[in-house]
Amino acid sequence: MNDRHRKILHQCWSEFRKDLEPKNLLPELTSVVNVTDAREVLEKSTRNERVDKLVTEILPRRGNNAFNVFVEGLKKTQPHLAVTLKNAGEVQYNASTYEKTEGAAKESPVSAVIVNLYMKSFIEQAVT
């Protein structure tokens, strides 16, 4: 998996922890997740532990096609999470879609912090 895709997974991690159910998704990932890895995911006692194992440990080391297989699996099992991934990697402007290469994901909790820091700096410069 390339660095851009790892970054997108990281940006969407909190959404995955809220909604992703790896048990339903694993059958769609057989081309990138082997039986041993699937067993390790399923052995975790909580859904969040299963999400963490799959998203932060297994998928990032499963080759260049892993991200695309993950997205396609999400489209079949949990389409709203596939949309979340797509939005994290793209920006729309004037009816065109552009690949996002910098900044925080849309709807990411980090986005609000970045905006607040920028606005604080902007206001301080405007006042002085």
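Is Thr30 buried or exposed? In this predicted model, Thr30 is exposed, because its relative accessible area is 60% and the cut-off for exposed is over 50%. Thr30 sits in the loop that links α2 (22-25) to α3 (35-43).

Now let us turn to a pair of helices. Two packed helices are described by the angle between their axes and the distance between the axes.

| Helix pair | Residues | Angle | Axis distance |
|---|---|---|---|
| α1 and α5 | 3-19 and 66-77 | about 30° | 11 Å |

The crossing of these two helices, α1 and α5, is left-handed. On the α1 side, the contact is formed by His5, Ile8, Leu9 and Phe16, and on the α5 side by Phe67, Phe70 and Leu74. Sorted by type, the residues of this contact comprise 6 nonpolar and 1 polar, with no charged ones.

The largest nonpolar core holds 28 residues, and Phe16, Phe70 and Leu85 have the most contacts inside it. At least two residues of this core come from each of α1, α3, α4 (47-58), α5 and α6 (79-88). Helix α5 gives the largest share, 6 residues.

Key. Residues numbered from 1 in each chain as written. Predicted model: local features only at pLDDT ≥ 70, side-chain atom pairs only at ≥ 80, totals over all residues. Heavy atoms only, no water. Helix = DSSP H or I, 4+ residues; strand = E, 2+ residues; numbered from the N terminus. Buried < 20%, exposed > 50% of the residue type's maximum accessible area, 1.4 Å probe, protein only. Axes fitted to C-alpha atoms, helices over the stretch in contact; angles between N-to-C directions. Left-handed = near helix turned anticlockwise from the far one by under 90°. Contact = heavy atoms within 4.5 Å. Nonpolar A, V, L, I, M, F, W, Y, C, P; charged D, E, K, R; others polar. Core = buried A, V, L, I, M, F, W, Y, C linked by side-chain atoms within 4.5 Å.
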